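Dear colleague,

I am passing on the structure we spoke about, together with some notes on what turned up when I went through it. Please look at it first and then read on.

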Amino acid sequence: MKLKQLEGLVGGLQQFSNPKIELEQYPTGPHIASRMLYTAENSFGDVSNKIVADFGCGCGTLGAAAALLGAEHVIGIDVDSQALELAYQNAEDLEVDIEYIQCDVKNLRWRGQSVDTVVMNPPFGTRKKGADMDFLSMSLKIASQAVYSLHKTSTREHVRRAALRDFNASSAEVLCELRFDVPQLYKFHKKKEVDVAVDLWRFVPKH
Amino acid sequence: MRLLTHNMLSSNVKGVTNGFPLGIEVEKVVEKQVELSADFLINIFSKIEWKALVDASRAVGYAELPDQADASMLDSDEFLRKFHHALLELHLEEGALLCPETGRRFPVNKGIPNMLLHEDEV
């Protein structure tokens with residue numbers, strides 16, 4: 001599948017109508033989502049025929065992209081029932097098979113590193129401090145091949161240190177820097193739209 | 001929820017040491033056919049807890065898997081078909097997963113297990 005086609009398909013998904021600020025619910029736009037998964041597959045072979053988990057899946061954008069690129073088994077995990085309902089509907093609309101689990105990523109208990117790849121656009125930790133680190137830590141516990149994640153560029157050194165020193169990553173690489181469009185979703189947003197610089201990371205877990 | 005997911009998921013109630021495998025309470029099972037990938041099955045075989053898969057498949061009404069399996073059986077197309085069917089084509093749509101240690105029930109609706117814990121369980 002070509003990148004443009006993937007971006008088009010993923011761009012048609014329904015987004016949050018009533019996003020919850022305390023969960024930092026922001027849709028992962030089709031531009032970022034398609035590039036993230038396209039890179040994971042074409043540069044590293046981490047998607048097709050693999051088991052892929054989407055942590056904090058929200059409306060299911062990343063998981064959907066993984067399914068479209070040939071992942072054998074995709075699991076989306078989120079805390080919020082409404083997000084999961086939306087994600088379920090989105091998967092039906094795209095005619096892809098995605099499993100969902102309602103769970104707090106922090107409290108996930110998994111049997112070993114049985115998932116191949118984790119993809120995620122985690123909360124940045126602006127509402128619940130340390131949320132980004134919880135996601136990173138758990139992802140490196142259950143993935144056996146790779147973790148793809150987005151973190152604010154301003155936290156780059158902190159993220160690198162945490163991954164390598166505390167969370168069992170054997171490598172941590174910034175694949176590229178992207179601009180995440182944050183539309184005026186919440187009342188406290190003063191500007192119509194704001195660009196946040198984010199790093200697309202690829203972490204490899206130790207076994 | 002496929003049995004592949006069931007084969008990886010553990011009870012997350014705090015303090016539980018033996019949370020795998022989760023028991024299965026069946027209300028509705030759905031079969032959804034997907035294309036068989038021999039490569040995928042051969043790769044995943046060594047990661048599967050075989051007994052848990054056999055028990056789970058029996059719980060959802062499929063009794064074709066052998067009690068024990070080893071990698072040499074992956075040469076057989078018939079075995080691959082059964083393995084594929086149990087792992088990926090049987091879905092628990094409605095029912096519950098049960099913590100083997102505490103009996104705590106995690107409901108499953110529309111194929112989605114709810115593993116959210118209450119405050120006193122975290």
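In chain A, A:Arg202 lies over the face of A:Phe44, at 4.0 Å from the ring centre; please bear in mind that this, like everything below, comes from a predicted model.

Turning to aromatic pairs, a search of the whole structure finds eight of them over all chains. One of these is formed by B:Trp50 and B:Phe83, a tilted pair with 5.5 Å centre to centre and 55 degrees between the planes. Because B:Trp50 lies in helix 3 (residues 50-59) of chain B and B:Phe83 in helix 4 (residues 77-89) of chain B, the pair ties together parts that are 33 residues apart in sequence.

Most residues other than glycine have a negative phi, and most peptide bonds are trans. In chain B, however, a cis peptide bond with omega of about -5 degrees joins B:Phe20 and B:Pro21, and B:Pro21 lies in the loop between helix 1 (3-6) and strand 1 (23-31). In chain A, A:Asn49 has a positive phi near 65 degrees and is partly exposed at 38% relative accessibility, while A:Glu95 has a positive phi of about 60 degrees and is exposed, with a relative accessible area of 73%.

Terms used
Residues numbered from 1 in each chain as written. Chains lettered and ligands numbered in written order. Predicted model: local features only at pLDDT ≥ 70, side-chain atom pairs only at ≥ 80, totals over all residues. Heavy atoms only, no water. Phe/Tyr/Trp six-rings, centres within 6.5 Å; stacked < 30°, edge-to-face > 60°. Helix = DSSP H or I, 4+ residues; strand = E, 2+ residues; numbered from the N terminus. Lys NZ or Arg CZ within 6 Å of the ring centre and 35° of its normal. Buried < 20%, exposed > 50% of the residue type's maximum accessible area, 1.4 Å probe, protein only.
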